[in-house]
Amino acid sequence: MEKAILTFFAFWLGAALGSFANAATMRTDAGKKWWGKERSVCDACGRALSARDLVPLLSFVALGGRCRSCGAKIPPRHFFAEIVGAALLSLLAWRFGPAPAFLFAAAALTFAAFHSLTDLYTGYIYDSWAIAMAACGLAMRLPHGLSAVADGALGAAAGFAVIGAIIIASRGKMGVGDAMLMLGIGAFMGLKMTLISLYLGFLAGGAVVLPLLAAKRVTRKSAIPLGPFLCAGMFFAMLFGGAMLYFLGYAVSWPWI
């Protein structure tokens, strides 16, 4: 029952986090602030949105996907970001229940959503926010002691090193932002879970890109953002990484126990 209640609240929290990540991405791309007194506005008419226009999921449905003032269609990306955020955080709440791992997962997922969206829509992963992700991950490990912080630091270093080596091998065809993203992911996940995240992220990328190559929808020279796949690998590692490590005979480190 406790887990069911947490999952219910996680659904709405995830929708709110998805909405926030989407708004932050759009404003960052437009060169606008997304903190302080900056208001959300209609993309078409510029009207400042009221609280009843900003309830995740429910406002979009109640308004029929259109602006209350001008009737313009609300871009589907808003609703998509909210429903995906709701679904992902609900799964993590069901997986971990009321444990430290869920708090880590919620914080990491918020950063991951922002980085995935900026990479998808702008082609950039912002180094400053990847560093902020790493700092947040290490700070959240502090209450559990030096060993937990060291595990996060090793995860950050390993994630950065693996992608950095690929960047060098590709002679710069892959952006440094992907290495910075793994710096942040590693700080949250720790060493072993970072390696699982990389493995699952590359698998996810292959599962999507190879069929597109076969269908000639993309070519070997197409610019395909890696960030969303790395974040997907992190999410799958949260769900299945513990079982994978146990199967391989390794212990799972805090907070993913």
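Author: Pro 255 is in the segment after H9, where helices (H or I, at least four residues) and strands (E, at least two) are DSSP runs numbered from the N terminus. This is a predicted model, so to speak of a local feature we need pLDDT of at least 70, and side-chain atom pairs count only at pLDDT 80 or more, while totals for chains, interfaces and linings use all residues. Residues are numbered from 1 along each chain as its sequence is written, and side-chain values use heavy atoms, with hydrogens and water left out.

Most peptide bonds are trans, and most residues other than glycine have a negative phi. You'll find Leu 57 in the loop between H1 and helix H2 (58-62). Its relative accessible area is 6%, so Leu 57 is buried (under 20%; exposed is over 50% and partly exposed is in between, using a 1.4 Å probe and protein chains only).

Now for Trp 256. Skipping neighbours within four places in sequence, its contacts (heavy atoms within 4.5 Å) include Phe 96, Phe 104, Arg 141, Phe 188 and Met 238. Trp 256 also joins Leu 92 and Met 238 as the residues that touch the most other members of the largest nonpolar core, which has 47 residues. Such a core is a set of buried Ala, Val, Leu, Ile, Met, Phe, Trp, Tyr and Cys residues joined through side-chain atoms within 4.5 Å. Among the elements that give two or more residues to this core are helix H3 (76-96), helix H4 (100-122) and helix H9 (227-248). H4 gives the most, with ten residues.

Helix H3 also holds Ser 90. With 11% relative accessibility, Ser 90 counts as buried, and beyond its neighbours within four places it is in contact with Thr 7, Ala 10 and Phe 11.

And the cysteines? A disulfide is a pair of cysteine sulfur atoms within 2.5 Å, and by this rule there are zero disulfides. The closest cysteine sulfur to that of Cys 136 is in Cys 231, and at 14 Å it is too far for a bond. Cys 136 is partly exposed at 24% relative accessible area, whereas Cys 231 counts as buried at 6% relative accessibility.
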